[in-house]
Amino acid sequence: MTHAQSTHAARDAAAGRTGAPPEGAITVTTDGMPGWLDPVAEAARSVRAQQLSRFLPPKSGAGRQSAVLVLFGEGERGPELLLMERSGTLRSHAGQPSFPGGSLDPEDGDPATTGPLRAALREAEEETGLDPSGVQLFGVLPRLYIPVSGFVVTPVLGWWRAPSPVGVVDPAETARVFTVPVADLTDPANRATAVHPSGHRGPAFLVESALVWGFTAGVIDRIMHYAGWERPWDRAKQVPLDWRA
């Protein structure tokens with residue numbers, strides 16, 4: 001079994017699916033990746049949805065199927081992560097920093113197999129101008145749920161093997177595209193607990209003149225933890241949010 005096949009098999013098993021990937025499936029492989037990404041790939045193979053979030057997809061199957069691209073690259077300051085800031089006029093999660101991503105389209109294919117992979121790459125290209133041919137997909141995390149918007153989200157992990165220029169493609173969707181050094185995400189000085197008026201509390205990162213919180217911060221926090229990159233930080237340090245968040 002190849003690395004690509006084993007990744008598919010592991011994720012399908014975690015989701016309770018069996019059988020081979022459909023013909024023409026996108027390759028998911030760890031071959032040729034830098035060694036510093038090995039802990040992330042290993043975590044993706046073993047982590048369960050319950051270890052990532054308490055918000056899991058409804059058993060009824062309800063929810064809008066979607067995917068995000070968690071894209072790691074190498075910049076001037078070493079390993080980094082690609083993020084974007086959503087337009088303030090959007091109906092869902094307006095103004096929030098996030099991973100590139102969005103809802104699955106019919107042409108993306110089966111939501112249970114390769115659909116999320118295709119959607120993550122397609123949405124990243126539409127939102128940031130990213131060239132998908134330079135991205136190596138190396139893992140898929142379990143599907144998670146965002147109750148406030150009803151999205152069932154599959155985080156797709158990528159290695160930016162051949163970086164391409166990125167930026168705002170449509171200002172109606174994206175306000176800013178930026179990268180964050182992993183060193184800044186793991187720096188305890190940049191970490192805090194976001195507190196929403198509803199009572200919800202979750203991890204937050206103050207990086208690149210942005211407050212990253214909510215679903216995106218939760219995924220980053222868990223990746224850092226299970227990859228062994230997390231450093232002790234002051235969880236009593238709070239950042240209050242308002243009702244517009």
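Biologist: Is Trp 159 buried or exposed in this model?

Modeller: The model is a predicted one. Burial is judged by relative accessible area, with under 20% counting as buried. Trp 159 has a value of 10%, so this residue is buried. Trp 36, in contrast, is partly exposed because its relative accessible area is 22%.

Biologist: How is a pair of aromatic rings described?

Modeller: Two quantities are used: the distance of the centres and the angle of the planes. An angle over 60 degrees counts as edge-to-face. By this rule there are four aromatic pairs here. In one of them, the ring centres of Trp 36 and Trp 159 are 6.0 Å apart and the planes stand at 80°, so the arrangement is edge-to-face.

Biologist: Where in the chain do Trp 36 and Trp 159 lie?

Modeller: Trp 36 belongs to the loop between helix H1 (3-14) and helix H2 (38-46), whereas Trp 159 belongs to strand E7 (residues 151-160). The two are 123 residues apart, and their pair thus links distant parts of the chain.

Biologist: What is the geometry of the pair Phe 72 and Trp 229?

Modeller: Here the centres are separated by 6.2 Å and the planes are at 85°, which means that this pair is also edge-to-face. It links distant parts of the chain as well: Phe 72 is in strand E1 (residues 64-75), and Trp 229 is in the loop between helix H6 (214-226) and strand E12 (238-240), 157 residues apart.

Biologist: How accessible are Phe 72 and Trp 229?

Modeller: Phe 72 is buried, at 1% relative accessibility. Trp 229 has 19%, and is therefore buried under the 20% limit.

Biologist: Which residues form an aromatic cluster?

Modeller: Trp 36, Phe 72, Trp 159 and Trp 229 form one such cluster.

Biologist: Which residue lies over the face of Phe 178?

Modeller: Arg 176 does, at 4.2 Å from the ring centre.

Biologist: Where is Pro 163, and how accessible is this residue?

Modeller: Pro 163 is in the loop between E7 and strand E8 (174-181). Its relative accessible area is 58%, so Pro 163 is exposed. Pro 163 and Glu 74 are separated by 89 residues in sequence, while their C-alpha atoms are 8.7 Å apart in space.

Biologist: What can be said of the whole chain?

Modeller: The chain contains six helices and twelve strands, and buried residues account for 50% of its 245 residues. Of the contacts with a separation of 6 or more, 69% join residues 24 or more positions apart.

Key. Residues are numbered from 1 along each chain as its sequence is written. This is a predicted model: local features need pLDDT of at least 70, side-chain atom pairs count only at pLDDT 80 or more; totals for chains, interfaces and linings use all residues. Side-chain values use heavy atoms; hydrogens and water are left out. Rings of Phe, Tyr and Trp (its six-membered ring) pair if their centres lie within 6.5 Å; planes under 30 degrees apart count as stacked, over 60 as edge-to-face and the rest as tilted. Helices (H or I, at least four residues) and strands (E, at least two) are DSSP runs, numbered from the N terminus. Buried means under 20% relative accessible area, exposed over 50%, partly exposed in between (1.4 Å probe, protein chains only). A charge sits over a ring if NZ of Lys or CZ of Arg is within 6 Å of the ring centre and within 35 degrees of the ring normal. Contact means heavy atoms within 4.5 Å.
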